[in-house]
Amino acid sequence: MTAMTPERPATRPAAHSSRPSPPRARKRFRLTDNRFATLLMLPAALFLAVFVAWPLLQFVINSFYRYNPIAGGPHTFVGFDNYVRALTDAGFGNSAVRTIAYTAIVVTLEFVLGLTVALLFSGLGNRSRFFRTIFLYPLMIAPIVAGLLWRFLLIDNSGIVNQLLYEAHLISSPNQIQWLSDPNIALFSVALPDIWLTTSFISLVLFAGLQNVPGEIIEAARIDGAHYPTLLFRIILPLLRPVIAVALIVRGVDAARAFDVIVVQTNGGPQNSTNVLSLLVYNTQIANGNPGLASAMGTIYLFALMVVAVIAVLTIWRPGSDQ
Amino acid sequence: MNGLESRRGGTRAILWTTLTVLVVLYAFPFVYMLFTSFKTPIETNAIPPTILPSTWTIQNYVMALSTQGVPQSFVNSIQTAVMSTLISLVLAVPAAYAVTRYRTRLGRVFILLALVMRMVPAIVVGAPLIAVFHNLGLSDTSFALALAQTTISLPLSIWLMASFFEAVPDELEESARVDGCSRLGSLWRIVIPITRGGVAVAAIFAFLASWNDFIFALLLTSVRAVTTPLQIANFQSQFGLDWGTMTSLAVLYSVPVIVLAIVLQRHIVAGLTLGAVKG
């Protein structure tokens, strides 16, 4: 490691900086580029080690113990007992299914809506600028505010959404759809603020991707007589694949971790119909005071999330590869 | 513009109409919240609900701001977000620079690990952090909350800054080095001034991550360091369904960042799309 930067790819044009450093810097200590780079990364790496990796390790270790933080008492090592309990617990399985369903609802609706809006923006060119600005605003709103706001919009009896649907003669009474208290549709209803908050993200990312689609390709397809649907499905979407992949991975991971929006709308109810994994882990940990079991559940949840995300990143996105 | 732009007047009219309808629908929830915050308590819970207030009143705002702890929570939110933004930038800028400029194997491993850490659910890190901060004597402090929130923004800041540093031509730094500038000096005097737009983007996102955070505030604060999102959520449990006061506080909390978004629109769009489109 004392040699100058053996790692540097030969194609990198920065070859000059691998020359011996100016004499002033070299007199006192021999700080190779490699060590200098490591030194610059060190503070951030230490921070992540102390405040992410260490708590994460604690969390995983806790999953092998049984103890009660409220009543006190000893920490008993129980091996994989908590994992067995988590995996055989019907509640855990149901929450896992709900988390997948919630993520699927959020990502699908956001993608369809986001793509529609991005195509509208593109169709209108630079004149869509004002609308793009308006579209940005929900991204700034705290998820907790969005959750409470939508709870208010959807509330039984006096919610404005049902009232407007009633006035538009789409439903026969303002009380017909029990958005947040009907267990059959509550999981969909709690997803609405999440969709409202971040469809803009998908739109703006896809719009930026569409700007990079070479005009000649679309011109050529048009001259060949391709209609818009053909153009969209055969040319535009395949070209956008990497951008779509990134947007969906980012949103998928976030939706699978959703907590704020759901906790303030239903807190997991009615009849547990919106009790996703993040809520289950939180309630097992804090309300039920069973950190061992919560940690086992959380570790499985985290592991599944990582595996899915890493596979997605490595196969579709390939960060760092040159195009 | 590319070939996707529509040229026929008829098609464009349809596109405008569709987009206008979508944008009105999209803007409606917040506008409704804004109107509700100016209604009287009776009108807020009226059946059927109204859209525009029949009498405009700032009663809800007065109520919200005179609630015990609310003014302090704004101070806490601001100071926590500022601290978290500064910590995030101070750590992310050198790290991202090292990764993009020196391209060591360790750097590649580091940036991938940072990305993986971005995926850890807050509840997983948050629960053990309660004990960590208790042992450090930092329980219920804005500083501890800022540190916890930095775990969300730091990986993102590193990725954003890495993308921006990528765009700086190496020649600039080479000439600075030939002129006798040290490695750290060329980062500070050459690279950071060029990428200050990028630093602004990373700062905005770090600030928003902290400003809008709920779960870390819920886990790590109890009295002194409570932030406004917790106060907003408290209105529903403490006083039943006090929508008027809640919406006015939510408006007060959201308007500064929405104004920020409109003013800094170009930077925010750059930050949102840069990583995704270039990656």
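Trainee: Which residues does N212(B) touch, not counting residues up to four places away in sequence?
Mentor: This is a predicted model, where local features need pLDDT of at least 70, side-chain atom pairs count only at pLDDT 80 or more, and totals for chains, interfaces and linings use all residues. Residues are numbered from 1 along each chain as its sequence is written, while chains are lettered from A and ligands numbered from 1 in the order in which they are written. Two residues are in contact if their C-beta atoms, placed from the backbone, lie within 7 Å. With residues up to four places away in sequence left out, N212(B) touches A142(A) and P143(A).

Trainee: Is N212(B) buried or exposed?
Mentor: N212(B) sits in the loop between α10 (196–211) and α11 (215–220) of chain B. A residue is buried if 20 or more other C-beta atoms, placed from the backbone, lie within 10 Å of its own, exposed if 12 or fewer, and partly exposed in between. N212(B) has 26 other C-beta atoms within 10 Å, so it counts as buried.

Trainee: How many residues does helix α2 of chain A give to the side that touches chain B?
Mentor: Helices (H or I, at least four residues) and strands (E, at least two) are DSSP runs, numbered from the N terminus. The contact takes 94 residues from chain A and 89 residues from chain B. Helix α2 (residues 33–62) gives the most to chain A's side, with 18 residues.

Trainee: How many residues on the side of chain A that touches chain B are nonpolar?
Mentor: Ala, Val, Leu, Ile, Met, Phe, Trp, Tyr, Cys and Pro count as nonpolar, Asp, Glu, Lys and Arg as charged, and the others, Gly among them, as polar. On that side, 22 residues are polar and eight charged. The nonpolar residues number 64.

Trainee: Which element gives the largest share of the side of domain 1 of chain B that touches domain 2?
Mentor: An automatic or database domain assignment sets the bounds: domain 1 is 9–62 and domain 2 is 67–278 in chain B. The contact takes nine residues from domain 1 and seven residues from domain 2. On the domain 1 side, the largest share is four residues, and they come from α1(B).

Trainee: Where in α1(B) does the kink lie?
Mentor: α1(B) has 29 residues and reaches 41 Å from first C-alpha to last, close to the 42 Å expected. The expected span is 1.5 Å times one less than the number of residues. The bend at a residue is the angle between axes fitted to the seven residues ending there and the seven starting there. A kink of about 40° comes shortly before the proline P29(B), at F28(B).

Trainee: How many residues of helix α12 of chain A are buried?
Mentor: Helix α12 spans residues 277–287 of chain A and is mostly covered. Its buried residues include L277(A), Y282(A) and Q285(A).

Trainee: Is Q271(A) buried or exposed?
Mentor: Q271(A) lies in the loop between α11 and α12 of chain A. Its phi is positive, about 50°, although it is not a glycine. Most residues other than glycine have a negative phi. Q271(A) has 12 C-beta neighbours inside 10 Å, so it counts as exposed.

Trainee: What does N267(A) count as, with its C-beta neighbours inside 10 Å?
Mentor: N267(A) is also in the loop between α11 (260–265) and α12 of chain A. Its phi is positive too, near 50°. N267(A) has 13 C-beta neighbours inside 10 Å, so it counts as partly exposed.
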